[in-house]
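Here is a friendly walk through one model, strand by strand. Have a look at it first, and then we can go through the pairings together.

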Amino acid sequence: MKRLICLLLPLLFLVGCSQTVTAQYYMMDTVMSFELRGEHAKEAERLIADEIAALETVFSPTRDDSELSRVNQLSGSATPISETFANLLQTSLSAAKETDGAFDPTLGGAIKLWRQGSVPPPETLDALVTGYETVTADQNSVTVPSGLTLDFGAVAKGYASDRAKAILEEHNIPRALLSLGGNVYAKGGGSPWIVGVRDPNGEASDWLGLLTVQDCFLVASGDYERFFESDGVRYHHILDPKTRKPAQSDLRETVIVCDSGTRADILSTAMFVKGSEGAIEFWEKSQDFDMILVTNDTVFVTKGIAVTFELTNPAYRLEVIE
Ligand code: AMP
Ligand code: MG
């Protein structure tokens, strides 16, 4: 069987494949790669791309004509929202509460400042309006305080991968691997997929271990994805909502494995912010997902995926979370 290595950020895939439809897009500010097998693969692939393009018109933080931009422009007053917007907003607000604010969809102002590629003045950061508790919403409208900016960058791709999974099911696609940036959905009719977990200390093509998966979402977040350096300090894109600055986490990378793309995406960001101790404590309470946590020298793996994970880089030691 032909062995194909697809290099994708931040995960790598080793895939045995034949007679598949493959496609690559740049959407939602990231490279997306799809690989589908089945009678209706072409049609499903097209519908998935259309669906993600449609979601981009709702959640894009950079397009002036997106629904998100309209809501943000109208902060301070009750604004009508679509059902899709309301669904992801409600899920995000509940997740913000559940994670004690480690994930917070109201950091848009801080995200824009840090995206400029220099350290914002402290007084500018302090003056920002943020806080998920200040947002009120129902199925038809949202009200955010004046000056507050919503942002779904930590969850929109995961949400899109859930929609993509539904399309695969509607079209009876038995086998597929969808990568929406670091958000992966692996549907494994036949043999399982082997996914490479990125080494945060290496290049984009280096991995530290391999995970064997079938029918689940895998989402990775890391400090290597988007960052700038100033005076020898790395300023990455995952912010601590308490400080509005890049999270001072002992973690370099988190990988969440579960049966919801939205939840996996939210938790990949939130667990990074919490750091290894907080993440393990959170997992012990909920236990509805598996995770890989990577520090500079240790890879923690929860017991549910420990037997399917193989550490390949000897620079790390492995610890199983029981
Ligand atoms: P991810 O790659 O899924 O971890 O998402 C990171 C992106 O989510 C960033 O580029 C920001 O747009 C946004 N973000 C950063 N920190 C947070 C946070 N603590 N809560 C919610 N969104 C965040
Ligand atoms: Mg995320």
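## About the model

This is a predicted model, in which local features need pLDDT of at least 70, side-chain atom pairs count only at pLDDT 80 or more, and totals for chains, interfaces and linings use all residues. Residues are numbered from 1 along each chain as its sequence is written, chains are lettered from A and ligands numbered from 1 in the order in which they are written, and side-chain values use heavy atoms, with hydrogens and water left out.

## A three-stranded sheet

Let us begin with an open sheet of three strands, ordered β5-β7-β6 with antiparallel pairing. Its edge strands are β5 (79-80) and β6 (136-137), each of which pairs on one side only. Strands here are DSSP E runs of at least two residues and helices are H or I runs of at least four, numbered from the N terminus; two strands pair if DSSP finds at least two bridges between them.

Two antiparallel bridges link β6 with β7 (residues 141-143). Across from threonine 136 you will find threonine 143 in β7.

Strand β9 (residues 183-188) has six of its six residues buried, where buried means under 20% relative accessible area, exposed over 50%, and partly exposed in between (1.4 Å probe, protein chains only). In a regular strand, side chains alternate between the two faces of the sheet. In β9 both faces are covered, with Asn183, Tyr185 and Lys187 buried on one side and Val184, Ala186 and Gly188 buried on the other.

β9 runs antiparallel to β8 (residues 175-180), and six bridges join them. Serine 179 has valine 184 as its bridge partner. The two strands form a hairpin with two residues between them, and glycine 181 in the turn has a positive phi of about 65 degrees. β9 also pairs with β12 (residues 216-222), antiparallel and over four bridges; here valine 184 stands opposite leucine 218.

## Strands β10 and β11

In β10 (residues 193-198), five of the six residues are buried. This strand pairs with β11 (residues 207-213) in the antiparallel sense over six bridges, and arginine 198 faces tryptophan 207.

## Helix α7

Which helix holds glutamate 284? Glutamate 284 lies in α7, residues 261-286. The residue counts as partly exposed because its relative accessibility is 45%.
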